[in-house]
Amino acid sequence: MITHHFHLYFERKDRSLNMARFYVLSIERDLFGDVCLMRRWGRIGVRGQTMVQRFGQEIEAVAMFLELARLKQSRGYKTLPLAPQAT
């Protein structure tokens, strides 16, 4: 069981570069009970790409989650309330 809720939504916009990107991080369990770090990214308004990374322990997923969040913020991404899912 995942002990805490981990979910972040980031955006980076720069009109001069025609940039409007999003990045979503979350920690979830899959159907087999494995701890997964879910990443989704792309241009705002589209579904984007998804990557799933499995971990043996929740603490490993949390460490990677925090490192990726720090990296995105250092690159100019801002955290925002969760955006609705694109279909």
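What share of the 87 residues in the protein chain is buried? I looked up burial first: buried residues make up 33% of them. Buried means under 20% relative accessible area, exposed over 50%, and partly exposed in between, with a 1.4 Å probe and protein chains only.

I noted the ground rules next. This is a predicted model, so local features need pLDDT of at least 70, side-chain atom pairs count only at pLDDT 80 or more, and totals for chains, interfaces and linings use all residues. Residues are numbered from 1 along each chain as its sequence is written, and side-chain values use heavy atoms, with hydrogens and water left out.

I then read off the fold. The protein chain has 1 helix and 5 strands. Along the sequence the pattern is β-β-β-β-α-β. Both element types are DSSP runs numbered from the N terminus: helices are H or I with at least four residues, strands are E with at least two.

I followed β1, residues 7-14, to its partners. Strands pair if DSSP finds at least two bridges between them. β1 runs antiparallel to β2, residues 19-29, with 8 bridges. K13 has A20 in β2 as its bridge partner. The hairpin of β1 and β2 has 4 residues between the strands, and N18 takes a positive phi near 55° there. β1 also pairs with β5, residues 78-80, antiparallel over 3 bridges. F10 stands opposite T79 in β5.

Contact means heavy atoms within 4.5 Å. Of the contacts with a separation of 6 or more, 43% link residues 24 or more positions apart. The accessible surface is about 6100 Å², 55% of it on carbon and sulfur atoms. That area comes from the Shrake-Rupley method with a 1.4 Å probe.
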